Amino acid sequence: MTDDLATLQAETEAALAACADPRALDAVRVGMLGKSGQLTALLKGLGAVPAEQRKERGAAVNRLKLAIETAIETRRVALDAAALDARLLAERLDVSLPPRPFPPAGPEAGAIHPIARTMEELTALFGAMGFGVAEGPDIEGDWFNFGALNIPDHHPARQDHDTFYVPAGADGRRPVLRTHTSPVQIRTMLNQEPPIRVIVPGRTYRADHDATHSPMFHQVEGLVIDRGIHLGHLKGCLIDFLRAFFGISDLPVRFRASYFPFTEPSMEVDIGWNRKTGELGRGGDWLEILGSGMVHPKVLANCGIDPREWQGFAFGMGIERITMLKHGIPDLRPFYDSDIRWLRHYGAPVLSPATLAEGV
Ligand code: PHE
């Protein structure tokens, strides 16, 4: 190899060794092997070499080219490996770090509010019976809250002293804060083809305020629409639910004829308890706990469902009420006080999800 080629090789190797990243490496490559690179120029210049030296010179330039290409590739592999090492080091995860305590131990630990807890239990219990969960808005149209449910214009629930009305919109109609979860029956039937099986836990509003009534409270609605549904299904479903929810396998349950505009026939449901001690399940007294009935044919028709083909039942109950009974909570008002001592006493532990342990 002639001196100029040896020098060029040495210079290139030094330049490669000095490359710190792939961009610098590329600059060296282009400077040698690119269109106007030094090696390219040498190859192009071979034509001008006197014929008797050309073969030897050509072989030497080609050896140099191979050597430089190999050196560039070797450097590239080394740089890539170094880059990967640096990244692995930077993204290092110390899996031996002790975990943060969760949930926080001690008095900072939160608890699940009894209302939220009951909703979780309702979802688990009815979920096991094949029910989904539906929702609707708190501010309802008059038709959804009353009209579609066959509640006539003169019904007392429509009076201002029971219902919170919202100032009328452009159409002159006054929206209402829903007085029950039943409007979600209508919304579900309008949006979903039967068969339908849903529960609707949610907030409801009535202009009532004393020790046992709050202007905002919670209800859970239930709706089943299918072919051949009859009163037996309603009774079986609610008896199973009440016994599982209260955890009393022989809880007495009584169905009593009643009236709701949106069900026919309608029934109030009572459970057995002891009025004096508050104990559930025995004692010979009855406590009203929910309203229910077979969905009125007019309500089905209002939702475009043919009552000759589809039947169903519905029920509704107060969530505060069943929560107070289940846990022996004597007063309604603290539910909304956010008193941390009350919440800690009646709240459920964060890491104990509602299960079916109480037995469906
Ligand atoms: N919506 C009724 C109430 O608020 C309860 C109910 C629901 C009754 C469904 C029958 C069927 O009192």
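Residues are numbered from 1 along each chain as its sequence is written, and side-chain values use heavy atoms, without hydrogens or water. In this predicted model, local features need pLDDT of at least 70 and side-chain atom pairs pLDDT 80 or more, while totals for chains, interfaces and linings use all residues.

Me: What distance separates the centres of domain 1 and domain 2?
Reply: The domain assignment, automatic or from a database, gives domain 1 as 3-90 and domain 2 as 112-349. Taken over C-alpha atoms, their centres are separated by 82 Å.

Me: How many residues of each class does the shell around the ligand have?
Reply: The ligand is surrounded by 14 residues, a residue being near if one of its heavy atoms lies within 4 Å. Among the closest are His180, Arg206 and Gln219. By class, the shell has 2 charged, 8 polar and 4 nonpolar residues.

Me: Which strand gives the most to the shell around the ligand?
Reply: Strands are DSSP runs of at least two residues, numbered from the N terminus. E6 (216-226), E9 (285-295) and E10 (311-318) each supply at least two shell residues. With 3 residues, the one that gives the most is E10.

Me: How much of the ligand's exposed area does the protein bury?
Reply: A side-chain N or O atom of His180 lies 3.0 Å from a ligand nitrogen, and one of Arg206 lies 3.0 Å from a ligand oxygen. Taken alone, the ligand exposes 330 Å² (Shrake-Rupley method, 1.4 Å probe). Of that area, the protein buries 89%.

Technical notes:
A polar contact is a pair of N or O atoms within 3.5 Å; within protein, one must be able to donate a hydrogen and the other to accept it, and residues adjacent in sequence count only if both atoms are side-chain atoms. Helices (H or I, at least four residues) and strands (E, at least two) are DSSP runs, numbered from the N terminus. Ala, Val, Leu, Ile, Met, Phe, Trp, Tyr, Cys and Pro count as nonpolar, Asp, Glu, Lys and Arg as charged, and the others, Gly among them, as polar.
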